[in-house]
Amino acid sequence: MQIHSVPTRPIPGQKPGTSGLRKKTRVFMEHHFLENYVQSIFDGIGGIAGRTLVLGGDGRYFNDRAAQVILRMAAANGATRVIVGQDAILSTPAASHLIRSRGTDGGLILSASHNPGGPEADFGLKYNTPNGGPAPEAVTDRIHAASLAISEYRMLDAQDVDLSRPGRTRLGSMDIEIVDPVADYAALMERLFDFDAIRDLFRSGFRMVFDAMHAVTGPYAREILERRLGAAEGTVLNGRPLPDFGGGHPDPNPIWARGLVERMMADDAPDFGAASDGDGDRNMIVGRGLYVTPSDSLALLAAQAHRAPAYRAGLRGVARSMPTSGAVDRVAEALGMPCYETPTGWKFFGNLLDAGRVTLCGEESAGTGSDHVREKDGLWAVLLWLNILADTRRSVRDLMEEHWSRFGRNYYSRHDYEDIPTDRANALYEGLRAALPSLPGRTVRSLRVSAADEFAYDDPVDGSRSERQGLRIVFEGGARMVVRLSGTGTEGATLRVYLEVLETDPARLRLDPADVLAPLAQAAEEIAQIRRHTGREAPDVIT
Ligand code: VG1
Ligand code: CO
């Protein structure tokens with residue numbers, strides 16, 4: 001087998017966003033595109049000669065082909081070993097766990113997560129560092145810089161590796177270890193949670209549905225929920241992973257998982273509903289007749305985590321991304337633990353987790369996780385909920401209502417405007433940014449602005465600074481609006497407007513969130529001039 005150095009030229013746009021590089025699948029399939037980026041990752045992390053990597057992905061279209069290319073390039077670049085999921089499949093949290101538990105030098109995850117899959121949809125690739133977490137900005141900057149300087153990539157001339165069975169094989173002088181993608185992860189979950197208590201819960205007649213959205217978590221959920229925990233067969237819906245996710249958006253929210261939400265709102269609804277995303281790191285939680293916002297879910301988990309064996313001794317602290325509601329802050333304050341506010345994206349939690357400053361973290365976009373891995377983890381969140389439900393034997397609604405009366409309720413919603421021409425989105429953002437100093441003291445729709453700034457984050461562990469992380473406008477009484485541009489889209493720009501109203505009046509804890517948020521939504525429109533800039537009458541997606 002021969003190693004070739006293939007001459008190439010930099011391809012513009014290989015700049016990782018919120019979570020790795022995401023592009024149209026067709027772009028990833030263009031001549032040299034994947035190869036350039038993979039070589040840039042290897043070069044950006046100082047080469048992989050003598051190193052061990054983990055490789056796997058969410059199973060979307062092109063996952064299998066890209067994995068073969070990466071294996072040949074890893075061999076050509078001198079890697080000692082690659083641990084790869086069977087059929088090149090690994091959920092993002094399972095990959096994070098393998099990177100950590102096997103003491104590797106990091107891993108490559110093939111995923112565009114919640115973005116749709118297929119030849120006309122999206123593909124993505126990201127590098128995770130040896131701690132199992134997404135590469136921090138300093139590393140992604142080096143990868144990007146390498147992509148701008150690249151002149152050749154290394155490729156081994158070889159046939160495809162058969163990845164269809166666990167076992168060991170070789171490619172050139174590199175070892176390949178093919179592992180069952182579910183086994184180690186399921187064992188980790190058994191160590192964290194009280195599986196006996198959850199089994200008893202299911203035995204008592206408790207019913208749940210889990211929508212795997214034809215994405216990577218199907219096999220994980222079947223093994224853990226149906227086989228190990230004894231949930232009824234058929235608990236897992238859409239459990240067969242498909243390269244195009246059955247044509248849907250594998251994004252667990254009330255829009256893209258509407259079927260599940262409707263089922264949970266019916267009279268004969270099961271006790272508990274949940275869903276996960278393309279690569280298995282997000283979760284949606286629905287009780288009978290009640291959708292739990294991700295921000296509320298994070299807060300509830302923070303308040304109740306001690307019910308699970310792994311968190312019995314309490315939490316060291318919690319962290320949330322800036323746009324996530326302040327619900328968890330209120331729990332942290334009441335329980336006397338530190339609470340950190342980070343920019344959007346899981347990479348910012350890594351240092352806090354590594355330093356032992358926090359145990360739980362979460363994002364409004366349906367990501368929750370803990371120090372058990374360095375990614376958000378969809379099934380983990382579902383299992384923590386199940387452990388809490390098993391321990392309390394209360395309903396989701398009961399638990400949430402009790403939570404709100406104790407800590408107050410942060411009504412919350414996110415409005416997304418997708419595929420806006422980039423120049424228009426930038427004009428809106430820059431216009432609002434420029435107006436920030438003039439906002440405090442102004443009253444809009446009877447809401448008085450108390451503070452307005454652009455969020456910047458100083459990492460308390462390594463001192464790095466991340467600027468331009470979104471605009472926040474806070475109103476008297478605890479309402480807040482946040483505006484930022486997405487870093488995961490592949491077409492035009494996506495504008496995200498996050499709305500939050502804090503309510504502590506016991507008589508106002510069970511209102512319709514849309515009603516409570518309506519005046520703030522109007523104020524947001526007036527302040528940010530969304531219609532004028534975007535030409536849109538309404539958001540594309542409201543979650
Ligand atoms: C979105 C979410 C963010 C999340 C990121 C990756 O980013 O808002 O909270 O961490 O997706 O999630 P953005 O930049 O589009 O707002 V995943 O599950 O798609 O890897
Ligand atoms: Co994801």
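This is a predicted model: local features need pLDDT of at least 70, side-chain atom pairs count only at pLDDT 80 or more; totals for chains, interfaces and linings use all residues.

Residues are numbered from 1 along each chain as its sequence is written, chains are lettered from A and ligands numbered from 1 in the order in which they are written, and side-chain values use heavy atoms, with hydrogens and water left out.

**Entry on the rings**

I looked for pairs of rings of Phe, Tyr and Trp (its six-membered ring) with centres within 6.5 Å, where planes under 30 degrees apart count as stacked, over 60 as edge-to-face and the rest as tilted. The count by this rule is ten aromatic pairs. I wrote down Phe 62 and Phe 123, whose ring centres are 5.1 Å apart with planes at 65°, so the pair is edge-to-face. Because Phe 62 lies in the loop between strand E3 (52–57) and helix H3 (63–76), and Phe 123 in strand E6 (residues 122–128), the pair ties together parts that are 61 residues apart in sequence. Helices (H or I, at least four residues) and strands (E, at least two) are DSSP runs, numbered from the N terminus.

Are Phe 62 and Phe 123 buried or exposed? Both are buried, which is to say under 20% relative accessible area, with exposed meaning over 50% and partly exposed in between (1.4 Å probe, protein chains only). I also found that Phe 28, Phe 33, Phe 62 and Phe 123 form one aromatic cluster.

**Entry on the metal site**

Next I asked which protein donors the cobalt ion (ligand 2) has. They are Ser 113 (OG), Asp 277 (OD), Asp 279 (OD) and Asp 281 (OD), lying 1.9 to 2.1 Å from the ion. Donors are N, O and S atoms within 2.8 Å of the metal (3.2 Å for Na, K and Ca), and water is not among the atoms, so sites may look incomplete. Along the chain the donors follow the spacing S-x163-D-x1-D-x1-D, and of these residues I noted that Asp 277 and Asp 281 are both buried.

**Entry on a charge over a ring**

Last, I recorded that Arg 409 lies over the face of Trp 404, at 3.7 Å from the ring centre; the rule asks for NZ of Lys or CZ of Arg within 6 Å of the ring centre and within 35 degrees of the ring normal.
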